Amino acid sequence: MIWGIFKRDMCHATRNVIAVIVSMGLVVVPALYAWFNIAASWDPYGNTKALKVAVANNDKGYKSDLIPVRVNVGETIISTLHANDQLDWQFVKSDKAIDGVKSGEYYAAIVIPKGFSADMMTLFSPDIKHAQLKYYLNEKINPIAPHITDQGATTVVNTIDKTFAKTIAQVGLDLASSILHYSQSPQMAEYMRNLNGNLTTMADTLSGASQQVTSYSQLLGSANDIVDSTGKLLASATKAGKQAQNALKQGKSGATSLTSAGANVTSSVNTALDQVSGAFDQVAAKVNKAFDAIGKDSDTAASQLATLSEQISSGESLYDTYITSLNHMRESVEQLPDSDSAKQALLEAIDREITLLEAAKGDSQKLAQQLKDASTQVTQDTAAAERSRKEILNRITSAKQSISNVRDDYATNVKPKIDALASTVSTLISQTDSMITQLSGTADGLDDVTGDVGTNVTSIRSTLGAIAKKLDSSAATVKELITKLETGGNAGDGNSDGGDGDNDADSGESDELRALATANASTLSTLISAPVALHRVSVYPIANYGSAMAPFYTILSIWVGAIILCAMLKVTISDREKAHVLGLGDTLPRIAGPSGPGNASRWGLRLDHEYFGRYAIFALLALLQGTLVCLGDTYFLGVQANHALQFLAVGWLAALVFSNIVYTLTVSFGDIGKAVAVVLLVMQVAGSGGTFPIETLPKFFQMLYPFLPFPHAIDAMHAAMAGSYGNEYLLDMVYLALFLIPSLLLGLMLRKPVIRLNNWVSRNLESTKVM
């Protein structure tokens, strides 16, 4: 089906002369568009000699009272511009220059004011003025001409700067040469000898004064060492006293803590033991009561025994409270000094008390277990229950005895030792603390005295040291000046033999100065005025401006060619053509319905067949357009193309992509699609980066840049012309080909829903009899 449509389109396009001529025009017109633009911009900056720029010199010149030489920078500028052929310089009066810019006779005008030279020479006066040229510019004549004439004006300013710097450098070198000759005269040698003698005497005087000041500073330093030693001794005594005082405070705190802990433990012991003893009496009574009830109500007796077992188990916390109190008291005793003989005996007594208390706790635990066992036996065996009764009462008696042992041991061994120890330590600490306080006050008073003396001596020594350094520095400066003067005198006399290494070096420096002063002043001044030369290295060089602009105009002409094709050729297939392709005669059957895309699908001519069948002739003509414009760029205009085949491949791919995009828009949206293609053309001309760098464009175009086909096609063509960095060329070709995906998606699938809408718009436009 596709081949059938394409074959009939080719027959129609070549059946008569007019059709052939129009087809050839469709191929040639885009190429002419590109060639004219490339040829017109081939070398615009090389033809600036025809741009007229007026120059008017009103400079009156300058003559200094010190140097009787007349300086006229304006005349120097005029002389330089006569030899400059970058622009068409017109040397006229200032009135005519300004009027010529206004009338458009001149693109620009440079007027040198009257006081230009005088302002430049103020560089050597306190009141410096900035010399200014008056530059008149007509910006409405042409958008590019002002930038070219600006370059010419910049050339004038640079010429003035270099000329002025060269003149100043030449005058300075001449003055240096005169001074050098005068320095070698006999009068100068006599002056130097007298000056050296006076300077030597001054240096010796300064050195002697510095030594005296240094000696006195050392004497004061010895006295200060004695004061420092005394101060350190007093500081050591004060520090020892403070350490002893801190130790006593700790001991006092320990004694206080011990006393407090002893009192707390005593209270805890009395409370805990009384509670436990009373509890055991109550337990004995309840046990007898429970066992008496065994014969009457065994279940009640078992319940009472189990309850007693739980009560005794819950009372074990009283033992834990007492043990915790004893441990706190033991920690307080451990804070006492190891030299105290009572410390170890007290610790042993506390440990024995804790052991007895834990034994009593064990008896209580065993009693609780026996009560629990008895609660299960009373319902089983009366004789066994009576034996358990006796064992439980004996265990209660044993537990009460353990509690009594704990209380008696604490009252007999622990409590008296704690009270006696705390009293002794507190008395000793109070007496010793009073003595150390007196010693510390005395040491602090002496420390203030020695501190004041040491501070004063240190301040005096610091002042004397600074004075000695200044005297030494002054003496060294004078001696350095003497050395330099002697070196200059020897170099001036030309005595180079018999000297040491330093004299040889200084003589070498003088020889360099002499060589600089006696060299060609004109050559040196030229070097000083322009010390840096720009060496331009082109990376991926382009032969000329026309070649640089060729990718932009070539790609632009291919898009224009695609628009022309859609404007001149029909994108839809008539029912008559569909019938011939299907072999149905001149018309489709009436059942096909209204004329339009897809109405012959029931006979096998689908919508995609119509799309590709008609696009085939568009693709052929687009490829011919791309081939002609690229071959014309290379072989007709001589555009640089280091890789001609790659250059041609870019044209082919761009032709296919652009023609498909414009064809799809026209097929899908009719005349509205053609308008969209023109809008896309305008957007890509502004935002493709073909003329100005994309970084210089507004933010909107920078964001839009990657989503347009122009930039990728232009970059690929640049790579084919001048060389590719890595895979640059291939990547740009891939990016360009990717634009076929959305275009085909729209032409084959997304346009189906809008076919009726498009037909309705077309009918309404035709009904206007104008569109």
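Predicted model: local features only at pLDDT ≥ 70, side-chain atom pairs only at ≥ 80, totals over all residues.
**Exercise 1.** Find how the axes of helix α17 and helix α20 cross, and which residues make the contact.

*Solution.* Start by locating the two helices: α17 covers residues 644-669 and α20 covers residues 709-722. Their axes come within 8 Å and cross at roughly 165°. Angles over 145 degrees count as roughly antiparallel, so α17 is roughly antiparallel to α20. Next, look at the handedness: α17 passes α20 in a left-handed crossing. On the α17 side, the contact is made by Gln646, Phe647, Val650, Gly651 and Phe658. Facing them from α20 are Pro709, Phe710, Ala713, Ala716, Met717, Ala720 and Met721. Sorted by class, this contact has 10 nonpolar, two polar and no charged residues.

**Exercise 2.** Now turn to α14 and α17, and work out the handedness of their crossing and the classes of residue in their contact.

*Solution.* The axes of α14 and α17 come within 9 Å, crossing at roughly 35°. The crossing of α14 past α17 is right-handed. From α14, the residues that meet α17 are Ile555, Ile558, Trp559, Ala562, Ile563 and Cys566. Among their partners in α17 are Ala654, Ala655, Ile661 and Tyr663. Val650, Gly651 and Phe658 of α17 also take part here, and these three belong to the contact with α20 as well. By class, the contact of α14 with α17 has 13 nonpolar, three polar and no charged residues.

**Exercise 3.** Describe the crossing of α2 and α16, then sort their contact residues by class.

*Solution.* Helix α2 spans residues 17-40, and its axis comes within 8 Å of the axis of α16, at a crossing angle of roughly 30°. α2 passes α16 in a right-handed crossing. The contact includes Leu26, Pro30, Trp35 and Ile38 of α2, together with Leu621, Leu628, Asp633 and Phe636 of α16. In total, the contact has 15 nonpolar, two polar and one charged residues.

**Exercise 4.** Find the volume of the largest pocket and the helices that supply its lining.

*Solution.* The volume of the largest pocket is about 810 Å³. It is lined by 34 residues, and those closest to its centre are Val571, Thr572, Gly670, Asn758 and Ser762. At least two lining residues come from each of α14, α16, α17, α18 and α23. The largest share, eight residues, belongs to α23.

Conventions. Residues numbered from 1 in each chain as written. Heavy atoms only, no water. Axes fitted to C-alpha atoms, helices over the stretch in contact; angles between N-to-C directions. Helix = DSSP H or I, 4+ residues; strand = E, 2+ residues; numbered from the N terminus. Parallel < 35°, antiparallel > 145°, perpendicular 65-115°, else oblique. Left-handed = near helix turned anticlockwise from the far one by under 90°. Contact = heavy atoms within 4.5 Å. Nonpolar A, V, L, I, M, F, W, Y, C, P; charged D, E, K, R; others polar. 1 Å grid on protein atoms, 1.4 Å probe; cavity = no way out; pocket = protein on both sides within 12 Å on 5 of 7 lines; lining within 4 Å. Points joined across faces, edges and corners; volume = space filled by probe spheres on them.
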